[in-house]
Amino acid sequence: MHARQNRVSELIASYILFEIGSTTLFFIGAKAKQDAWLAMLIGAALGFVLVLFYWGTYLMDPKRNLFQLFSHYLGKWPGAMLTILYAVYFAYEASRNLRDLVELAAFALLNRTPLFILTLLAILVIGNSARYGARIALQLCLALLPVVIVSYSALILAIIGKGMLRFEYMLPVLEQGMGPVVQAAVPEIVSFPFAQTLLFLVYFPLISSTKKMGKSFFLTYGIVALVLTIVNQINVLVLGPTLAEMMTFPLLEVVQLIELAEVFERMDVLFVLVLFIGLGFKVLLFYVGAVTGISEISGTGYKRWVIPVGLFIFASSLTSPNFSHHMWVGIDVVLNQVYPYIQMAIPLLLFLVMFFRRKKRLQS
Amino acid sequence: MTTKTLHGQEQQSSLPSEVMQTLALLQRRLGHSSDISIRKLNWPEDSSPFAIVCHLNGLVDDKEVNQMISNINQYVIAKRENDGMSVESLLQEVLPGKLKAIRDEEAMVQAVLDGRTVVLIDGLDTAMAASLLGGERRSVEEPTSQTVIRGSKEGFTEDISTNIALIRRKIRSADLRFEDRIIGRVTRTRVSVGYIQGIANPNVVQEVFARLDAIDTDSILESSYIEEFIQDSELTPFPTMINTERPDAVAGNLLEGQVAILVDGTPFVLILPVTFFRFFLSSEDYYQRYDISTFLRLIRLFSFFVALLLPSTYIAVTTFQQEMIPTTLLISLAAQREGTPLPALAEALLMELTFEVIREAGVRMPRVVGPAISIVGALVLGQAAVQAGLVSAAMVIIVSFTAIANFVIPYFSMSSAVRIIRFGFMILAGTFGLYGILAGVIPLLVHLVALRSFGIPYFLPASPLSFSNMKDVFLRIPWPKAKYRPDYVSEINKRRQSDSSGENPKEKLGD
């Protein structure tokens, strides 16, 4: 029965949830102020180049996932080292998103509950979902995608319908030339959220049909990039560039401003739940990726590593003493200094090695 | 002595030819149970019987048994003169087609217990049994647990043969097959598996038989025994099989490629494999206009969410997220809750538990005192509790609406699942608010997505996605447009009707 393998629709759904994930939570490209949309588009375009490399890597060997590629093409020991590195990277990304989720919960819903408890509940729920493995994780994304799509559509419609958009906030375009825009885009926006697509090298080989996959995947990438740009720009259009930059969770402030018929006044509380879904799935997908890597390197079963990896994610999400520190580590340390190597240099190296070995094989 | 069977094989008989010896054998096995009737036939001049007829009281049709006895008499008188008694001629002349030869003790004992009438003839080492079933049985009545406004009013009965006939009457196809198994070492219950050859997925049919054959238990008293033995996962609150007492529902599901399991002694027939959303479809949907049916399906799904989440959402919002409530409503809620002593969670748990108690009492108590419960229940849960200041009026509304929404789900097994899960959600909502509700919804969803019913994903068609199946889940499209059977369940023979079906004649009338 064809329920045993994942289908393209599930991959697409999880990619959408993954990319939306934590992106809409923040105002991305704040350095570019009102030109954030330009920065987003540049970031998406450059990210697309990276995604093309990832896709090329997958196409050259569609049967192996990222970790299997490492050990197969880069040798046993370097492959093992890289597998561990990437498993840790995925687990760390999961823990960052988990922290985002918990901070959001504490900010919007439960500001008197200790972070520890909120994190524990979240990791229990996500760990329970991860326990079923990658196949169910992808199917789960598909089941929840309609909720997310309907909520975001309703949000955009309500904002437009209430006439909350003020396009004069977008002026002047390129106030200080292309400089700040490019600076905002590279490497931050390229790296987050677009280059995180790297994770999907773990999931691509699970999909049964590869024929229509490329086309649908790139179409999804385009649409998601566009939607993210629009949602991101809504922050500017409603709050103005200064306010958008200052807010912790600007989109929540935007949603709070929506008032419909004096009944739906505090939609932000409901919208937080939608944000939770996006964030939670991002955690889940990174989590499953990390567990897959660890079980690959250790040669033991998948389920055995769900709890240890969960504990690691749980612990490392609590390392930052407060949210500002968490954001500082996220943007200034890892994103600018570590991720360029992980998301660009090493995958490029892998791509080149695979490319030349393939060429050599074709010649001989 | 050896006799020839129908297949021409020589078969040794293990029964004695002396009739009293055979009877002693039978009585040794059955004991002297008072419900066993033994009728000895003898000549007036001879005290030893030439034939014995044995059956259980109340399970046979006495008229037919008497008819058979007179046939035996005639036969023996006729044969006495030329002395040519043989099993073959007996089988053919006494009750052609109905009488079967039995050659060993075990089969003879079982024949009596199955309600068949066993005939022993002196001088023959072969017993014979005829199925002359009769006795008191409930007649076909309107189903009590699944009622409809339009559609067949027939319901299954406790008798499996009647039930098979009820299905056969609706599907007169040679491809409709029933295969029997006898399950239960002590009860020896007849279990019949029905499916339509060429529509049902052969893998599922095979799997059903494999799982049925693996059952080794002493008793099967209801189809729920079978359900618990063969379900995919025990650790689930959700039913992975539908039980129905409506023959038309079974017929409709068989035509979609599902398999039915009938169990003797219960009017509830199992249907499998099923998906989650099937539990929100009623067979009546297909007898009403499609637009209202679609609307009703959406209402049922909505009721499912209400029954599951309304009390917990109320708790979460009033305890943690009061800012969500519009100001005027908030003021009136606050005024109501001012006098009540308990926190929202305790209040809701108390009211829900009270309701469950009243509901259970309503099921168990004698019919005559029925009205008393409704009066006391309505007063206790409603007016009096509010006036006494124990609970707020809003909570009464929430609990009542939840209870009513629970009854909208057409299948009792699914609404029972909701009843249990609701309490978990209430506790989560009372401790973590909306965050807790989400922390309950996600594991529930993972569970639904991971669950399988005989290899079919339980959460079809939402995940994995199947647009063609959605046509008959969230919507009810008109019959002429429903050209295919749903995916997954039936993998072969998907087409239901031709493209032109139901279109041409109308065009001509248009002018």
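Entry 1. I note here that the model is predicted.

Entry 2. Which sheet holds these strands? I traced an open sheet of 5 strands in chain B, with the order 8-9-11-12-10 and antiparallel pairing. Its edge strands are strand 8 (176–183) and strand 10 (242–244) of chain B, and each of them pairs on one side only. On average, neighbouring strands of this sheet are turned by 25° against each other, direction ignored. For background, I recorded that the strands of a sheet pair through backbone hydrogen bonds, in either a parallel or an antiparallel manner.

Entry 3. I next examined another open sheet of chain B, in which 5 strands follow the order 3-4-6-7-5 with antiparallel pairing. Why is one side of strand 3 and of strand 5 left without a neighbour in the sheet? Strand 3 (36–41) and strand 5 (99–102) of chain B stand at the edges and each has a single partner strand, so one side of each has no neighbour in the sheet. Neighbouring strands here are turned against each other by 25° on average, direction ignored.

Entry 4. Within this sheet I looked up the pairing of strand 6 (residues 117–121) with strand 7 (residues 127–130) of chain B, which is antiparallel over 3 bridges. In this pair, B:Val118 stands opposite B:Ala129 of strand 7 of chain B. I then asked which strands helix 1 of chain B touches. Helix 1 (residues 19–30) of chain B packs on the sheet and touches strand 3, strand 4 (51–56) and strand 6 of chain B. The direction of helix 1 makes about 175° with that of strand 3 of chain B. Helix 4 (residues 105–113) of chain B lies across strand 4, strand 5, strand 6 and strand 7 of chain B, and it runs at about 135° to strand 6 of chain B.

Entry 5. I consulted the domain assignment of chain B, which gives domain 1 (2–130), domain 2 (160–274) and domain 3 (288–457). The C-alpha centres of domain 1 and domain 2 of chain B lie 34 Å apart.

Entry 6. I turned to chain A and asked how many helices and strands it has. Chain A has 14 helices and 0 strands. I compared its radius of gyration with that of a compact globule: for 364 residues the globule would be near 21 Å, and chain A has 20 Å, which agrees. The C-alpha trace of chain A spans about 70 × 45 × 45 Å along its principal axes.

Entry 7. I recorded that 57% of the 364 residues of chain A count as buried. Chain A exposes about 15,300 Å², of which carbon and sulfur atoms supply 68%. Among the contacts in chain A with a separation of 6 or more, 83% are between residues 24 or more positions apart.

Entry 8. Last, I looked up one residue: A:Thr83 is placed in helix 4 (residues 76–108) of chain A. Is A:Thr83 buried or exposed? Its relative accessibility is 3%, and buried means under 20%, so A:Thr83 counts as buried. Leaving aside residues up to four places away in sequence, A:Thr83 touches A:Phe67, A:Phe70, A:Gly293 and A:Ile297.

Terms used: Residues numbered from 1 in each chain as written. Chains lettered and ligands numbered in written order. Predicted model: local features only at pLDDT ≥ 70, side-chain atom pairs only at ≥ 80, totals over all residues. Heavy atoms only, no water. Domains from an automatic or database assignment. Pairing = 2+ DSSP bridges. Helix = DSSP H or I, 4+ residues; strand = E, 2+ residues; numbered from the N terminus. Axes fitted to C-alpha atoms, helices over the stretch in contact; angles between N-to-C directions. Rg over C-alpha atoms; globule rule 2.2 N^0.38 Å. Buried < 20%, exposed > 50% of the residue type's maximum accessible area, 1.4 Å probe, protein only. Contact = heavy atoms within 4.5 Å. Areas by Shrake-Rupley, 256 points an atom, 1.4 Å probe, with all protein chains shown as cover.
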